[in-house]
Amino acid sequence: CCVVMRRSFPVLFRASSLVPINTKTSTGISGLPVIPNARVILKDLYERILVKAKELPADYPYRIDLENLLSHRINIINEEEDCADIEERINVDQVENLIQQARNELNSALPEIISMELWKEPGWNEKQIPIFIREIGDGTMDLSSFPEAEKEMQKRREELEKEAENNKQKKE
């Protein structure tokens, strides 16, 4: 009398150590959807960035910092299966935002740094890069590891900012 037809559905995930556990229903950020396989994507992006970073000289500070940061994060991803645990241990942002940042790094920032070839300029490793010191959160930041010149520049910057604010208030 009746024929029962079965539909087959494609397998979306398979059992492996990289099967994501992302139980969020929302990121809480408008326009930023939850990515079910965020762990796999983030690890892949970080590994691709590390490969691309090898185009920079081994002693280039940007490469060194990038390799240290991403190696640390990849270790966390390897140790944790749950995206909530990854977010907690990385302690920066949600994995969906980390994916966006990694894509920007891989597709924009890193290629731009490589194309600039700043390491080919004479004396590139002797240039002083200005550091902006900003305290976040409660308590006082320990500045003992900063060079005296940097602390003086920061103090002067703060004085100039206060002066500019006072001048702005006087005009109003």
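E87 touches K24, V92, D93, Q94, V95 and E96, not counting residues up to four places away in sequence; a contact means heavy atoms within 4.5 Å. This is a predicted model, in which local features need pLDDT of at least 70, side-chain atom pairs count only at pLDDT 80 or more, and totals for chains, interfaces and linings use all residues. Residues are numbered from 1 along each chain as its sequence is written, and side-chain values use heavy atoms, with hydrogens and water left out.

E87 lies in helix α3 (residues 83-90). Helices (H or I, at least four residues) are DSSP runs, numbered from the N terminus. E87 has a relative accessible area of 17% and is therefore buried, the term for values under 20% (1.4 Å probe, protein chains only).

Helix α4 covers residues 95-116. Its 22 residues reach 30 Å from first to last C-alpha, close to the 32 Å expected at 1.5 Å a residue. The expected span is 1.5 Å times one less than the number of residues. At E105, α4 bends by about 45 degrees; the bend is the angle between axes fitted to the seven residues ending there and the seven starting there. E105 is also one of the buried residues of α4, which include V95, L98, I99, L106 and L110. Among the elements covering these buried residues are α1 (38-53), α2 (61-79) and α3. E117 follows α4 and has a positive phi, near 50 degrees.

Helix α2 has 19 residues, which should span 27 Å. Its end C-alpha atoms are 27 Å apart, in agreement. Buried residues of α2 include R63, L66, E67, L70 and R73. Their cover includes α1, α3 and α4.

Methods
Helix = DSSP H or I, 4+ residues; strand = E, 2+ residues; numbered from the N terminus. Buried < 20%, exposed > 50% of the residue type's maximum accessible area, 1.4 Å probe, protein only.
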